[in-house]
Structures are given as structure tokens and as C-alpha cells.
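Reader: Could you take me through this structure step by step? I am new to this and may change topic as I go.
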Amino acid sequence: MEKNKERLQVIENIRKAVENKEFNSKVELHDHVVTNEEREKVILKYDSRKKKLRNKAKTMVARSITDSITEYINFKTEIKGLENIKGIKTGAIITSNHFSKIDNTIIRYLMHKIGKKRKFDIIVQETNIFMPGCLGWLLKNNRTIPINKSHQYISTNFEPTLEKLFKQKHFVLIYPEEEMWFNYKKPRPGKIGAYHYACKYNVPIIPCFVEMQNTDKIGDDGFYVQRYVLHVMKPLYSDTSLDFKAQKEDLRKRDYDLKVAKYEEVYKEKFDDKFEITEDIAGWN
């Protein structure tokens, strides 16, 4: 089956990004570019905590639909290391590799297994809030919290929301890799944000890594459909003997090192930052 041309362009963008060591760069095509007017009207006033009655109702509907989709998509997903996080009594930040528009359902599936179905939130790039269609509606109304670089928004909306969620013992998914890279199997160095907030609000990092395995089915895009194995590792806590900046960097390094080690374990490959399409893109045939 001929491969989808846009997928091939995305993979070429990934190759160039790896070559330039730009592991957090945007590679997807046609992503929405948020205008200042949209940011002012939508993002800065975003109801992150779903206080408005209408938004609460939408969230109930979206969550119900997404829970069903999660179970359907992940009926063959395997979770390893569930025992590592059963003792957490506080809120937490979950980190994971980001390779698909629906990979958050894998983490959501984990939340179903540990009884956190109603105490799970996802941090998303502000561009995602403008995603069209049914997927966009579900994403926007499903306990997602946009993030951008506006100091006003961060200080008056984003951080107060996070603080309240952690006090209520929510688990919050943050993708440190930032941008989605289609079916990219390797872990990528993360941005500092997740680790900054773990230290600031004194919550652990739960490192996760999703392993992708080819099934015998080829999708409409010409790539093998994937079966997922979610590896959940022991929580990481900040080293308070370090100063704040060093705490964040230490958490980031330990999280990334765990993901690299897990990559080498499950794929039986020595990790490097070179690009080889047949090895690095899951589903290539």
C-alpha cells in the first residue's frame, strides 16, 4: 500500500530536526497558528477549571465519550509497572513520549486502572484548543489546560489552576517533548516546564514510556497499525538539597535517562541521536 504523502513529509521533517538536534521542533503540517486576537479572546479567558455551568456540562459529555474511546482504542494495550505508582498519596505530574494525536488515551487508560479517571488533566499547546472537528471538540472539553508564553495567562490562570489541581490530588499529564513526532520511537530531551512545576508544587514526576509494536494490520496511511505497551516507572522526587534551578535540571536528567534506558531495554537497541527511518519510525514496512 502506498504511504500517505503527508506522513512522508512529516517524517522528512523529523529527519531534518534530528540532524539539526532540534528535538522539540514542530514537524506536523497544517498546525493552526494562534493569532493575537484569538489568544486574547480564547486563551487568556480560558475556563481551565470548568467553573461555568455550560462548560461543566460539556466536560461531562466529552469525558464520557473519551472514556469509551479510551477503552476501545486500548483494549490490547499492556501496562507494565502499575505497582510503581499505587503508593502515591499526592498529586503528580506524568511525563511520556509524544508520537500520536491519540497517545494521551494510553495515559488515560492507566488512570482508569488506578482509579484516577475523574482526577486526570492534560496540559496542551494553545494551538490544540483550535483543532477542528470532533477530535478538537473532545480535546477542548476534556479537562485540557492550554499553555502559552504569556506571563499574564501563566500567573493569573495556568499556575493557579495547577496549584488547585495538585491540592486536590490530581494527576496531570505534561509532554516535555512538547511537539508530537509521528510514530517516533526514541525518547527526546524534554523542556524544563514539567520539572519546574514538580519542584514548585512539591509533587513527584511519574516517568512513562510507550513502546510501539507492529500488528499484522496495515492502516489507510500505509503504516502498520501499532499495539502499545505502557511502561510506568517509579516516581521521581526533587532533590531539595539542591538549589531550585539545579533541582529542575536534576529531575529532567533523571527522567530522560530512565526513558533512554527503557528504550534500550524494550527495543534491544543502543540509543543514539542519529536518524534511521526503518528503526526510528514505528510501522514502517
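Reader: How many bridges join strand S2 to S5?
Author: Strand S2 (residues 92-95) and S5 run parallel and are joined by 4 bridges. Strands here are DSSP runs of E with at least two residues, helices are runs of H or I with at least four, and both are numbered from the N terminus. Two strands pair if DSSP finds at least two bridges between them. This is a predicted model, in which local features need pLDDT of at least 70 and side-chain atom pairs count only at pLDDT 80 or more, while totals for chains, interfaces and linings use all residues. Residues are numbered from 1 along each chain as its sequence is written, and side-chain values use heavy atoms, with hydrogens and water left out.

Reader: And which residue in S5 is the bridge partner of Ile-93?
Author: The partner of Ile-93 is Val-172. Val-172 is also the bridge partner of Asp-121. Strand S3 (residues 120-125) pairs with S5 in the parallel sense, over 3 bridges.

Reader: Are the residues of S5 buried or exposed?
Author: Phe-171, Val-172, Leu-173 and Ile-174 are all buried, where buried means under 20% relative accessible area, exposed over 50% and partly exposed in between, with a 1.4 Å probe and protein chains only. Phe-171 and Leu-173 point one way from the strand, and Val-172 and Ile-174 point the other way.

Reader: Which residues have the most contacts inside the largest nonpolar core?
Author: They are Ile-93, Ile-94, Phe-158, Leu-162, Ile-206, Cys-208 and Leu-230, in a core of 58 residues. A nonpolar core is a set of buried Ala, Val, Leu, Ile, Met, Phe, Trp, Tyr and Cys residues joined through side-chain atoms within 4.5 Å. A second, separate core has 13 residues, including Val-10 and Phe-275.

Reader: What is Ile-206 in contact with?
Author: Beyond its neighbours within four places in sequence, Ile-206 is in contact (heavy atoms within 4.5 Å) with residues that include Ile-85, Ile-93, Phe-171 and Met-233.

Reader: What about the second largest pocket?
Author: Its volume is about 930 Å³. The pocket is lined by 25 residues, and Ile-73, Ile-102, Val-225, Gln-226 and Tyr-228 lie nearest its centre. S7 provides the largest share of that lining, 5 residues.

Reader: Which phi value does Lys-169 have?
Author: Lys-169 has a positive phi of about 65 degrees although it is not a glycine. Most residues other than glycine have a negative phi. Lys-169 sits in the loop between helix H6 (151-167) and S5. Lys-268, in the loop between H8 and helix H9 (277-280), also has a positive phi, near 55 degrees.

Reader: Why does Lys-268 count as exposed?
Author: Lys-268 counts as exposed because its relative accessibility is 69%. Lys-169, at 44%, counts as partly exposed.

How values were computed
1 Å grid on protein atoms, 1.4 Å probe; cavity = no way out; pocket = protein on both sides within 12 Å on 5 of 7 lines; lining within 4 Å. Points joined across faces, edges and corners; volume = space filled by probe spheres on them.
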